[in-house]
Amino acid sequence: MEAGRNLTPSVVKRIAVLTSGGDAPGMNAAIRAVVRKGLYHGLDVVGIKHGYAGLIRGELETLDLGSVADIIQRGGTMLFTARCLEFKTPEGQDKGVQMLKDHNIDGLIVIGGDGSFQGARALSARGIKTIGIPGTIDNDIPCTDYTIGFDTAVNTAIDAIDKIRDTATSHERTYVVEVMGRDAGDIAMIAGLAGGAESILIPEAQFDLNQVLEKLRKGAQRGKRHSIILVAEGAGRGMKIGEDIAQATGWDVRVTVLGHLQRGGSPTAFDRTLASRMGAHAVDLLMQGQTSVMIGVRGKDLIATDIFEALQTKRAIDLSIYDLAGILSI
Ligand code: ADP
Ligand code: F6P
């Protein structure tokens with residue numbers, strides 16, 4: 001059916017979308033879904049560039065079907081992203097509300113992490129209908145099994161680990177690989193399990209370097225000639241851990257910090273699908289007049305949780321996966 005032909009009753013008529021905080025592969029797919037689902041229902045859809053900073057500055061432009069053509073496969077965000085200190089202040093938030101009112105926008109979709117959701121909540125409290133979509137490679141948001149971008153980042157990390165293992169095997173070396181995750185060990189844990197890392201260090205589980213060394217030595221005694229230690233950045237700096245292992249063992253240790261390459265790249269089918277579903281659902285919720293909720297996924301189902309409740313919820317990582325990785329890498 002053509003856009004605009006399905007004129008469903010809607011509480012909102014003109015909606016906007018922005019991306020905020022760290023970018024994540026799949027954000028473009030979510031923007032595309034918001035725009036096309038909105039147009040399908042006859043709404044006007046506006047893109048806000050540079051997150052909350054662009055909202056305050058008035059960087060708004062109307063989006064049409066063609067505006068989001070050829071982006072579903074692209075990493076990054078066509079709306080750009082930013083971190084904006086001013087928006088953390090009541091004055092900054094008031095400016096944002098005024099800008100939305102000046103442009104007759106009655107609903108906003110925010111794609112970002114928990115910081116961005118704090119901003120979304122502030123806008124809801126000021127009367128703007130706002131829905132949050134979790135987009136961050138870290139997977140560190142409560143009330144959802146997955147965030148957009150996590151699956152792609154994990155696959156990027158696994159690809160890197162596989163390549164590092166080739167050279168580690170050839171040179172019979174120990175490698176420390178540092179992956180992203182400022183406060184969360186999800187990327188390290190899943191990439192470590194799927195990549196067969198010998199040890200995984202994450203902020204959610206206490207570790208003792210002596211145990212890591214003990215495992216390395218035992219492996220060496222039974223003929224293991226190379227190892228990969230995966231470190232989430234929130235658990236410690238890879239460089240330091242590599243130096244400590246080299247000093248304690250006298251072995252040839254190399255360190256690779258994967259860094260921001262984990263944030264880029266074409267999103268996986270999983271992330272594109274998740275983003276498309278969440279983007280479309282966010283439009284449905286706005287049309288129903290809902291506000292101050294974040295969308296999540298539990299199993300196969302999309303769920304909606306009050307943003308305030310979500311921000312209060314402590315997220316728990318599934319340590320059974322971490323334990324399994326430890327067992328399988330004996
Ligand atoms: P993420 O959304 O990925 O967690 P940040 O924590 O950097 O990234 O937050 C992104 C932006 O969200 C910030 O630059 C700021 O503009 C806004 N933000 C963060 N915290 C708050 C807050 N407490 N109140 C209002 N806005 C906030
Ligand atoms: O996107 C999340 C994240 O990748 C964290 O894991 C990391 O610490 C942070 O962003 C770094 O982002 P930036 O360099 O943009 O501040």
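Which domains does the domain assignment of the protein chain give? The assignment gives domain 1 (14-149 + 267-312) and domain 2 (150-264). The model is a predicted one, in which local features need pLDDT of at least 70 and side-chain atom pairs count only at pLDDT 80 or more, whereas totals for chains, interfaces and linings use all residues. Residues are numbered from 1 along each chain as its sequence is written, chains are lettered from A and ligands numbered from 1 in the order in which they are written, and side-chain values use heavy atoms, with hydrogens and water left out.

**View 1. The two domains and the boundary between them.** The bounds of domain 1 and domain 2 come from an automatic or database domain assignment. Their C-alpha centres lie 34 Å apart. Across the boundary, 17 residues of domain 1 are in contact with 14 residues of domain 2, contact meaning heavy atoms within 4.5 Å. The size of an interface is often given as the accessible area lost when the parts come together. Between domain 1 and domain 2 the buried area is about 1200 Å², and carbon and sulfur atoms give 53% of this area. Buried area is the accessible area (1.4 Å probe) that two parts lose on being put together, summed over both.

**View 2. The ring pair of Tyr52 and Phe87.** A search of the whole structure finds 3 aromatic pairs. Rings of Phe, Tyr and Trp (its six-membered ring) pair if their centres lie within 6.5 Å; planes under 30 degrees apart count as stacked, over 60 as edge-to-face and the rest as tilted. The ring centres of Tyr52 and Phe87 are 4.0 Å apart and the planes stand at 0°, so this pair is stacked. The pair links distant parts of the chain, 35 residues apart: Tyr52 belongs to helix H2 (residues 51-57), and Phe87 to the loop between strand E3 (60-63) and helix H3 (90-102). Helices (H or I, at least four residues) and strands (E, at least two) are DSSP runs, numbered from the N terminus. Tyr52 is buried at 6% relative accessibility, and Phe87 is buried at 3%. Here buried means under 20% relative accessible area, exposed over 50%, and partly exposed in between (1.4 Å probe, protein chains only).

**View 3. The aromatic cluster of Tyr146, Phe150 and Phe270.** These three residues, Tyr146, Phe150 and Phe270, form one aromatic cluster. Tyr146 is partly exposed, at 35% relative accessibility, whereas Phe150 is buried, at 4%.

View 4. Strand E6 (residues 174-179) is mostly covered, with 6 of its 6 residues buried. Thr174, Val176 and Glu178 are buried on one side, and Tyr175, Val177 and Val179 are buried on the other. Two strands pair if DSSP finds at least two bridges between them. E6 runs parallel to strand E8 (residues 227-232), to which 6 bridges join it; E6 is also parallel to strand E9 (residues 253-257), with 5 bridges. Val177 has Leu230 as its bridge partner in E8 and Thr256 as its bridge partner in E9.

View 5. Arg173 is placed in the loop between helix H5 (150-171) and E6. This arginine is buried, with a relative accessible area of 13%. Leaving aside residues up to four places away in sequence, Arg173 touches Ala168, Arg225, His226, Ser227, Asp252 and Arg254.

**View 6. Ser116 in helix H4.** Helix H4 (residues 114-125) contains Ser116, which is buried at 5% relative accessibility. Not counting residues up to four places away in sequence, Ser116 touches Ser20, Gly21, Tyr52 and Val110. Tyr52 is also the residue whose ring is stacked with that of Phe87.

View 7. His50 is not a glycine, although its phi is positive, about 60°. This histidine is found in the loop between strand E2 (44-48) and H2 and is partly exposed, at 25% relative accessibility. Phe80 likewise has a positive phi, near 60°, in a residue other than glycine. Phe80 has its place in the loop between E3 and H3, and is partly exposed at 42%.

View 8. A disulfide is a covalent bond between the sulfur atoms of two cysteines. The structure holds 0 disulfides, a disulfide being counted as a pair of cysteine sulfur atoms within 2.5 Å. Cys84 is buried at 19% relative accessible area, and Cys143 is buried at 12% relative accessibility.
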